[in-house]
Amino acid sequence: MGINLTKATGFIFSLCILLLSACGTSKKSTSPTTKPIVVAPVDEPKELSKDTLSKIEPSVQTITIALLLTLKLEEHFANDTAPDTNPLILQDALASLNFYEGALMASDTLSSNLKKIKFRIIDTGDDSLATVTKLNTTNLEGVDAVVSFLPTNYTSLLARLSNRWAKPMYLFAASNTSILEKNKWIRLLNPSNYTQITQAASYLATNHTDDKIFALYREQKGENLISILFADVIDSLQLKKGACSRINYKNDGFAGLKAKFSKTKMNVLIIPTSDESFLSSILNKLNDEKSEYQFTLMGMPAWENFNSIDPDLMKKLGASFFSGMYIDTKCPDLTQFRKKFIVEYHADPTLAAYMGFDVVNCIWEESENTKRDREIRFRSLLNSGKEIILSPVCESCGFESKSINLLKYGEYELVLVK
């Protein structure tokens with residue numbers, strides 16, 4: 001019964017609609033003829049090209065970096081006999097571990113800019129024969145760049161391998177630039193010893209044109225060669241033979257040196273020694289003379305780690321030294337990196353961590369560089385956040401940074417001069 005009623009109701013409703021429509025039609029027939037409504041044609045949807053899609057969805061760029069590290073993974077796992085305790089970290093592998101952690105932080109930073117870094121870790125251990133064998137048999141297909149954190153005794157081997165792999169090879173130390181002249185794939189982030197010395201000598205030659213400059217040595221090969229290089233650069237830049245006087249301290253002693261001091265000019269002493277006790281003895285003698293003479297001292301990177309030297313005396317004697325890498329605690333970028341590192345790894349970053357961060361940023365900048373044969377620019381934490389330029393040392397040669405940190409002694413702290 002209910003179903004029939006529903007059908008009837010629907011039928012009546014439909015009939016009313018039909019009658020109303022008929023009445024509307026009859027009324028419209030008496031009105032003037034209207035123009036037909038033109039409906040604009042709708043374009044068929046077009047298939048989006050790959051170029052259009054790439055603009056809508058930016059693609060993530062990826063590069064792969066091989067890291068040559070001494071992590072000693074086999075030894076770490078071999079010693080992991082108590083899984084419920086804290087993992088054992090071998091001290092010999094700590095620097096490489098910090099380097100890798102710094103590289104990972106650089107990768108995380110770049111990932112926020114649609115840039116992805118992949119790492120391929122090559123654990124070389126510390127056995128020299130096994131390391132050489134492993135490097136000679138390693139295939140780096142699919143890798144965009146190689147970074148070595150190995151000791152400098154592997155540099156010659158790595159230089160040869162860089163030509164075989166045909167990948168940019170990033171190193172951190174070299175005695176001179178000869179390795180760059182023969183291997184175009186080498187990238188030296190820390191200036192060679194030769195470059196650091198010439199840069200420091202150029203600074204002295206420019207800023208002490210009217211002063212007395214002396215380079216001390218003790219007939220030791222290293223000190224002798226460094227004093228010669230300092231003297232040659234200063235003489236050349238000041239266009240005057242003997243602008244820098246070399247003093248054989250072993251023969252002349254302090255008395256012979258003092259006899260050449262000027263009471264009216266600044267006495268600039270280049271002391272190319274890494275012998276802390278020898279330096280200390282010279283400082284004590286100079287301290288006795290500072291009331292009559294003015295001094296400026298130029299030292300070596302090793303001075304940063306001397307413990308027995310009085311920093312207040314170094315300040316009074318105008319002591320400074322040069323270094324390719326320096327952790328500047330006043331640099332905002334470095335401070336930010338340190339805070340993030342501590343939060344992530346619950347430890348203070350070592351120098352190696354900053355090196356790992358720097359090299360990954362340098363590699364990425366080179367990968368985007370359209371003038372790859374001319375120079376590479378990147379911001380370096382180990383140079384106080386300044387822009388560093390790597391340029392080829394000659395035509396079709398490897399690249400080197402020429403940026404050094406010149407540091408002087410302040411109020412019980414080191415102060416960055418340039």
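## A tour around helix α13

Welcome! The crossing of helices α4 and α13 is right-handed. Keep in mind as you look around that this is a predicted model.

**Stop 1: α4 and α13.** Select residues 91-111 for α4 and residues 332-345 for α13. Their axes come within 11 Å and cross at roughly 110 degrees. Because angles of 65 to 115 degrees count as roughly perpendicular, α4 is roughly perpendicular to α13. Now show the side chains where the two helices touch. On α4, pick Asn98, Glu101, Gly102, Leu104 and Met105; on α13, pick Phe337, Lys340, Phe341 and Tyr345. Colour them by class and you will find 5 nonpolar, 2 polar and 2 charged residues in this contact.

**Stop 2: α13 and α14.** Which residues make the contact? From α13 they are Leu334, Phe337, Arg338 and Phe341, and from α14 they are Ala353, Tyr354 and Phe357. The contact has 6 nonpolar residues, no polar ones and 1 charged.

**Stop 3: a cavity.** Next, look inside. There is 1 cavity of 30 Å³ or more, and the largest cavity holds about 90 Å³ of space. To find the largest cavity, select its lining: Phe172, Leu189, Asn190, Gly324, Met325, Asp358, Phe378, Ser380, Leu382, Asn383 and Ile388. By class, that lining has 6 nonpolar, 4 polar and 1 charged residues.

Note on methods: Residues are numbered from 1 along each chain as its sequence is written. This is a predicted model: local features need pLDDT of at least 70, side-chain atom pairs count only at pLDDT 80 or more; totals for chains, interfaces and linings use all residues. Side-chain values use heavy atoms; hydrogens and water are left out. Axes are lines fitted to C-alpha atoms, for helices over the stretch in contact, and angles run from 0 to 180 degrees between N-to-C directions. Helices (H or I, at least four residues) and strands (E, at least two) are DSSP runs, numbered from the N terminus. Angles under 35 degrees count as roughly parallel, over 145 as roughly antiparallel, 65 to 115 as roughly perpendicular and the rest as oblique. A crossing is left-handed if the near helix is turned anticlockwise from the far one by less than a right angle, and right-handed if clockwise. Contact means heavy atoms within 4.5 Å. Ala, Val, Leu, Ile, Met, Phe, Trp, Tyr, Cys and Pro count as nonpolar, Asp, Glu, Lys and Arg as charged, and the others, Gly among them, as polar. On a 1 Å grid over the protein atoms alone, a cavity is a set of points where a 1.4 Å probe fits but cannot get out, and a pocket is an open set with protein on both sides within 12 Å along at least five of seven lines; lining residues have an atom within 4 Å of a point. Grid points are joined across faces, edges and corners, and a volume is the space filled by probe spheres set on the points.
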